[in-house]
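Me: I have a structure open and want to go through it piece by piece. Can you take my questions as they come?

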Amino acid sequence: MRSVVKVAKTVREAIDNALDELNLSESDVKIEVLEEPSKGLFGLLGAKDAVVRVTVVNDPIEIVENFLSKILLSMRIKGTVMAKRENNIINVEIMNINSSDMGIIIGKRGNTLDAIQYLLSLSINRNREDYIKVILDVKGYRKKREETLIKLANRMAEKSKLSKKPIKLEPMNPYERRIIHSALQNVSGVSTYSEGEEPYRRVIIQAK
C-alpha cells in the first residue's frame, strides 16, 4: 500500500499536505501520528514539528479502473481504461476500442454508457461520507453528443420562433435534457420544459 510521511507545524497541516499529495480524502486513508508537535522551552528551544504517516487503504481511481476492466472483460470487449480525479470528480475514459464495441458500450441514446457509469458510482461511493461523481466516456462520445444536442437545440429554437408552434424533441435521458435546457436558457423568444414519463420524457421548445 502507498504511504507518505509528512512533517509540519501541526498535525492537521501535515495530514492536509499528505492528502494533497495523494489526491485523496480522509475516508480513503489511514492516518498515524508518529510525533506530536511541541513548542519547546519558551517556544524556541527543543521545539518539534508534527510527523504523520498517511497510508492509502481505499483508492477510488484503482477501484473504478478495476471494476470497469471487469465489466469490459465480461462483455468480451477490448479497451484501455484511464481514470483521472479532479477534486470530487473522476473522469473515466475507455480508449483503444473498435467502432463495433464502442456502439455496444454506448447503447441506444447512451443508455448503456449511463448504466455503466451508475454502477461505477455505486462501486466507489458505498460507505463513503464524501460523494465522488463519476463521468464515464468512450472516445469523446459525450462531448460530441453535447455539441450535437446544442446545435439541435438552437436549430429547433429558430424553427419554433418562425412557426410560432411548440417543437417536440425525441425522448432523452435526464443528462441530455439538461443540455437542451441549458443551451436555450438565455435565448430570447423561446422557453423550454419537459413532459412525459421516463423513458419517454422529452423536451418541448416553445416560442414566446
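**Salt bridges, sheets and surface**

Reply: Starting with a charged pair, Asp16 forms a salt bridge with Arg12, and their closest N and O atoms are 2.9 Å apart. The model is a predicted one.

Me: Where do Asp16 and Arg12 lie?

Reply: Both are in helix α1, residues 11-22. They sit four residues apart, which is about one turn of the helix.

Me: What does Asp114 pair with?

Reply: Asp114 meets Arg142 in a salt bridge, at 2.8 Å from N to O. Asp114 belongs to helix α4 and Arg142 to helix α5, so this pair ties together parts that are 28 residues apart in sequence.

Me: And Arg142, buried or exposed?

Reply: Arg142 is buried, with a relative accessible area of 9%. The cut-off for buried is under 20%.

Me: What about Arg177, which residue is its salt-bridge partner?

Reply: Glu198, with the closest N and O atoms 2.7 Å apart.

Me: How accessible are Arg177 and Glu198?

Reply: Arg177 is buried, with a relative accessible area of 8%. Glu198 counts as partly exposed, at 44% relative accessibility.

Me: Switching to sheets. What is the order of the strands in the sheet with β9?

Reply: The order is β7-β9-β8, three strands in an open sheet with antiparallel pairing. β7 (167-168) and β8 (190-195) are the edge strands, each pairing on one side only.

Me: How many bridges join β8 to β9?

Reply: Six bridges, with β8 and β9 (residues 202-207) running antiparallel. As a landmark, Ser191 stands opposite Gln206 in β9.

Me: Which helix lies across that sheet?

Reply: Helix α5, residues 141-163, lies across β7, β8 and β9. Its direction is at about 40 degrees to β9.

Me: Where is Lys159, and how accessible is it?

Reply: Lys159 is in helix α5. It is partly exposed, with a relative accessible area of 47%.

Me: How far is the C-alpha atom of Lys159 from that of Ile205?

Reply: The two C-alpha atoms are separated by 9.5 Å, and the residues are 46 apart along the chain.

Me: In which sense do β5 and β6 pair, parallel or antiparallel?

Reply: Parallel, over six bridges, with β5 covering residues 89-95. Ile94 has Val138 in β6 as its bridge partner.

Me: Now the surface. Which residues form the nonpolar patch?

Reply: Phe67, Tyr118, Leu119 and Leu122, with about 370 Å² of accessible area together. Helix α4 (residues 111-125) supplies the largest share of the patch, three residues. Tyr118 lies in helix α4 and is exposed, at 53% relative accessible area.

Me: Last one. Where is Thr55, and is it buried or exposed?

Reply: Thr55 is found in strand β3, residues 50-56. With a relative accessible area of 10%, Thr55 is buried.

Me: What does Thr55 touch?

Reply: Leaving out residues up to four places away in sequence, Thr55 touches Met1, Arg2, Ser3, Asp28, Val29, Lys30 and Glu32. Asp28 is also one of the residues in the salt-bridge network.

Key: Residues are numbered from 1 along each chain as its sequence is written. This is a predicted model: local features need pLDDT of at least 70, side-chain atom pairs count only at pLDDT 80 or more; totals for chains, interfaces and linings use all residues. Side-chain values use heavy atoms; hydrogens and water are left out. Two strands pair if DSSP finds at least two bridges between them. Helices (H or I, at least four residues) and strands (E, at least two) are DSSP runs, numbered from the N terminus. Contact means heavy atoms within 4.5 Å. Axes are lines fitted to C-alpha atoms, for helices over the stretch in contact, and angles run from 0 to 180 degrees between N-to-C directions. Patches are made of residues with over 30% relative accessible area and no salt bridge: like charges are joined within 9 Å, nonpolar side chains (Val, Leu, Ile, Met, Phe, Trp, Tyr) within 5 Å. Accessible areas come from the Shrake-Rupley method with a 1.4 Å probe; for residues, only the protein chains shown count as cover. A salt bridge is a side-chain nitrogen of Lys or Arg within 4 Å of a carboxyl oxygen of Asp or Glu. Buried means under 20% relative accessible area, exposed over 50%, partly exposed in between (1.4 Å probe, protein chains only).
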